[in-house]
Amino acid sequence: MAVSLSEADGDDDLGESSDINVTPFIDVILVLLIIFMVAAPLSTVDVPVDLPTSSATPQKKPDKPIYVSIKPDLTLFVGEEQVKRASLVSTLEHIPEAAKDKFIFLRADRGVAYGELMDVMELLRTGGYPKIKLVTVEGVSQAAAPAAH
C-alpha cells in the first residue's frame with residue numbers, strides 16, 4: 001500500500017493511494033530471467049559421456065541438434081532416450097527434427113572401441129542418415145599437449 005505525502009488539507013491524516021507497487025514484481029522477473037539464461041545452455045543432453053578432446057575449431061551448432069550417444073557399456077541413446085541398436089534408425093525416423101538431410105551428432109565415450117563407433121556410424125549410414133558429425137570436448141588433445149613442450 002502506498003501513501004500520499006501532500007499537504008493539501010493540512011491535517012495529520014495521510015491519504016491512501018491505490019497504486020500498485022510493481023518493484024517487487026520486476027525484481028522477481030529479473031531473477032527468473034537470470035536463472036533461465038544460466039540454465040538453458042546446460043539443458044542440451046544429460047547422458048553422461050566422457051568425450052575425447054580436440055583442438056579443431058568449433059563449428060556452429062544448429063538450433064535443435066539430434067544427439068546419438070554411445071556409453072562405455074555400448075548402450076545407445078537418442079537424446080536422453082535409451083534405444084536398442086536394432087531400433088536406432090526407426091527411432092530417428094519418428095523424430096520430426098531428424099530429417100535425413102540434417103546432421104546427426106554422434107557422441108561416444110572415450111572408452112568405446114573404434115569398431116563399435118564405426119558400427120553405429122554404418123547403421124546410421126545404411127538407414128539413410130549419411131550426414132554425421134562427431135562430438136568432442138573443445139581443448140588441446142592429450143596427445144598434442146606433450147608435443148607442444
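The largest nonpolar core in this predicted model holds 19 residues. Among these, V68, I70, L88, L92, V120 and L124 touch the most other members. Several elements each supply at least two residues of the core: β4 (66-70), β5 (76-78), α2 (88-93), β7 (104-108) and α3 (114-126). Take L88. Beyond its neighbours within four places in sequence, L88 is in contact with V68, L76, V78, V83, V120 and L124.

Next comes the sheet. Five strands make an open sheet, ordered β6-β5-β4-β7-β8, with mixed pairing. Strands of a sheet pair through backbone hydrogen bonds, either parallel or antiparallel. At the edges stand β6 (81-83) and β8 (132-134). Each has a single partner strand, so one side of each is left without a neighbour in the sheet. From one strand to the next, the twist averages 30°.

β4 and β5 are antiparallel and pair over three bridges. I70 has L76, in β5, as its bridge partner. Helix α3 packs on the sheet and touches β4, β5, β7 and β8. The direction of α3 makes about 160° with that of β7.

The structure also holds two salt bridges.

| Salt bridge | N to O distance |
|---|---|
| E116 and R85 | 3.3 Å |
| E122 and R125 | 2.5 Å |

E116 lies in helix α3, while R85 lies in the loop between β6 and α2, so this pair ties together parts 31 residues apart in sequence. E116 is partly exposed at 25% relative accessibility. R85 is partly exposed at 27%.

E122 and R125 both lie in α3, three residues apart, about one turn of the helix. E122 is partly exposed at 38% relative accessible area, and R125 is partly exposed at 48%.

Key:
Residues numbered from 1 in each chain as written. Predicted model: local features only at pLDDT ≥ 70, side-chain atom pairs only at ≥ 80, totals over all residues. Heavy atoms only, no water. Core = buried A, V, L, I, M, F, W, Y, C linked by side-chain atoms within 4.5 Å. Buried < 20%, exposed > 50% of the residue type's maximum accessible area, 1.4 Å probe, protein only. Helix = DSSP H or I, 4+ residues; strand = E, 2+ residues; numbered from the N terminus. Contact = heavy atoms within 4.5 Å. Pairing = 2+ DSSP bridges. Axes fitted to C-alpha atoms, helices over the stretch in contact; angles between N-to-C directions. Salt bridge = Lys/Arg side-chain N within 4 Å of Asp/Glu carboxyl O.
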